[in-house]
Amino acid sequence: MKTGQGFEAGLAVVVLAILLDRLTQSVISKKRKGNKSFAFKKTIIIAAVVAFCIVAIFIGIGKKAPVSTSAFVGDQVGYSIIGIDPGSGLMNTADKALKAYNLTSWKLIEGSSTAMTAAFDRAYKEGKPIIVTGWTPHWMFSKYDLKYLADPKNVFGGEEEIHTIVRLQLKADQPSAYQFLDKFQWKPADMEQVMASIQEGKKPEEAASQWVEANPDKVNTWISAIPKAEGKKLKLAYVAWDSEIASTNVVKYVLQSKLGYQVDMLQVEAGPMWAGIASGDADAMVAAWLPTTHKDYYEKFKGNFEDLGPNLIGTKLGLVVPKYMNLTSVEDLVKK
């Protein structure tokens with residue numbers, strides 16, 4: 001996430017590789033010219049240059065940016081907000097928030113949810129200030145003491161819902177899967193249990209299966225009176241967010257273990273996920289964040305999918321910081 005430092009280190013590695021290549025050739029070449037003493041001296045010189053490059057790389061990597069002594073949070077975090085996948089609804093909304101609050105000096109760092117949580121974990125352990133794009137449900141809220149920054153202009157909107165979206169004609173082609181997906185609904189606390197298990201080191205499919213087997217009453221309300229569809233195939237699309245990894249694996253496990261389906265999971269970005277459902281290349285997803293996050297995709301592909309309604313209610317989007325930071329609102333990011 002430090003582009004300049006990464007470029008310097010990468011360039012040094014390339015130079016090192018070239019020098020090593022030349023050194024190797026000079027040592028093993030059978031057609032060396034000149035006397036042996038000169039060749040030996042040349043080898044020593046090249047080796048010294050290589051050693052210098054190696055030391056320079058480690059010094060460069062080990063360098064730390066100077067710590068700001070400013071009391072303003074913008075100076076402390078380099079006017080950076082750590083985001084997730086470029087093009088996601090949350091990132092688009094966060095960009096709108098920067099404009100709405102006239103935060104012209106701030107920049108939104110693109111990356112992934114994994115990179116964002118890794119950066120947050122490092123800062124949190126060291127008690128350093130950090131601002132990230134966040135959402136609930138998410139395992140971070142059960143692991144760390146966090147808070148949302150108030151959004152007086154309501155750019156991020158109120159609570160969202162996660163909807164189940166299926167391709168057209170799924171009801172006719174796969175009635176059992178359609179009935180289950182139509183009934184599937186759980187709570188943020190349920191999802192967070194699965195996410196927490198994955199974060200603790202369990203594989204997603206293992207965490208999902210354990211949750212399903214530990215909650216038979218809830219699962220039975222989803223599959224009651226639905227006939228099995230032994231051997232039939234189904235494709236579930238999802239984005240690689242912790243929440244969607246959890247929900248999609250739970251749905252897959254129920255479809256396979258309780259209803260007899262053969263299920264493939266297709267991990268894609270948000271745009272291809274919606275396009276896949278609209279084109280019929282994927283059968284369903286349980287990962288549509290509405291009405292804000294995926295609003296653009298919903299409008300773009302409207303009429304080419306069926307919305308089965310929310311499978312989870314009570315989600316939220318916004319800018320998130322550790323509770324130890326003396327911030328309460330997005331407006332606090334404006335330097336006065």
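The model is predicted, and local features need pLDDT of at least 70, side-chain atom pairs count only at pLDDT 80 or more, and totals for chains, interfaces and linings use all residues. Residues are numbered from 1 along each chain as its sequence is written, and side-chain values use heavy atoms, with hydrogens and water left out.

The protein contains 14 helices and nine strands; helices (H or I, at least four residues) and strands (E, at least two) are DSSP runs, numbered from the N terminus. Of its 336 residues, 43% count as buried. Buried means under 20% relative accessible area, exposed over 50%, and partly exposed in between, with a 1.4 Å probe and protein chains only. Among contacts (heavy atoms within 4.5 Å) with a separation of 6 or more, 80% are between residues 24 or more positions apart.

Empty space was examined next. Rolling a probe the size of a water molecule over the atoms shows where such space is left. On a 1 Å grid over the protein atoms alone, a cavity is a set of points where a 1.4 Å probe fits but cannot get out, whereas a pocket is an open set with protein on both sides within 12 Å along at least five of seven lines; lining residues have an atom within 4 Å of a point. Grid points are joined across faces, edges and corners, and a volume is the space filled by probe spheres set on the points.

The whole structure holds one cavity of 30 Å³ or more. The volume of the largest cavity is about 30 Å³, and its lining is made up of Met116, Val132, Thr133, Gly134, Trp135, His138, Met140, Phe141 and Val320. At least two lining residues come from each of strand 3 (132-136) and helix 6 (140-143), and strand 3 gives the most, with four residues.

The second largest pocket has a volume of about 240 Å³. It is lined by 14 residues, of which Thr114, Trp139, Ile198, Gln199 and Asp242 are the closest to its centre. Two or more lining residues are given by each of helix 5 (113-125), helix 9 (188-199) and helix 12. Helix 5 supplies the largest share of this lining, five residues.

Asp242, one of the residues closest to the centre of that pocket, belongs to helix 12 (residues 242-257). Asp242 is buried yet has no salt bridge, and the nearest side chain of opposite charge, Lys143, is 11 Å away. Here Lys and Arg count as positive and Asp and Glu as negative, while His and the chain ends are not counted. A salt bridge is a side-chain nitrogen of Lys or Arg within 4 Å of a carboxyl oxygen of Asp or Glu. The side chain of Asp242 does make a polar contact with the side chain of Trp139, at 3.0 Å. A polar contact is a pair of N or O atoms within 3.5 Å; within protein, one must be able to donate a hydrogen and the other to accept it, and residues adjacent in sequence count only if both atoms are side-chain atoms. Beyond four places in sequence, Asp242 touches His138, Trp139 and Met195.

Trp274 is located in helix 13 (residues 270-279) and counts as buried because its relative accessibility is 0%. Apart from neighbours within four places in sequence, Trp274 contacts Ile165, Met285, Ala288, His294, Tyr297, Tyr298, Phe301 and Phe305. With His294, the side chain of Trp274 makes a side-chain polar contact of 3.5 Å. Trp274 and Met285 are 11 residues apart along the chain, and 8.6 Å separates their C-alpha atoms.

Nine salt bridges are present in the structure. Asp95 and Lys99 form one through their side chains (3.4 Å, N to O); the two are four residues apart in helix 4 (residues 89-100), and therefore separated by about one helical turn. Asp95 is partly exposed at 33% relative accessible area, while Lys99 is exposed at 63% relative accessibility. Another salt bridge links Glu213 and Lys258, whose closest N and O atoms are 3.4 Å apart. Glu213 lies in helix 10 (residues 204-214) and Lys258 in the loop between helix 12 and strand 7 (262-267), so the pair ties together parts 45 residues apart in sequence. Both count as partly exposed, Glu213 at 44% relative accessibility and Lys258 at 26%.
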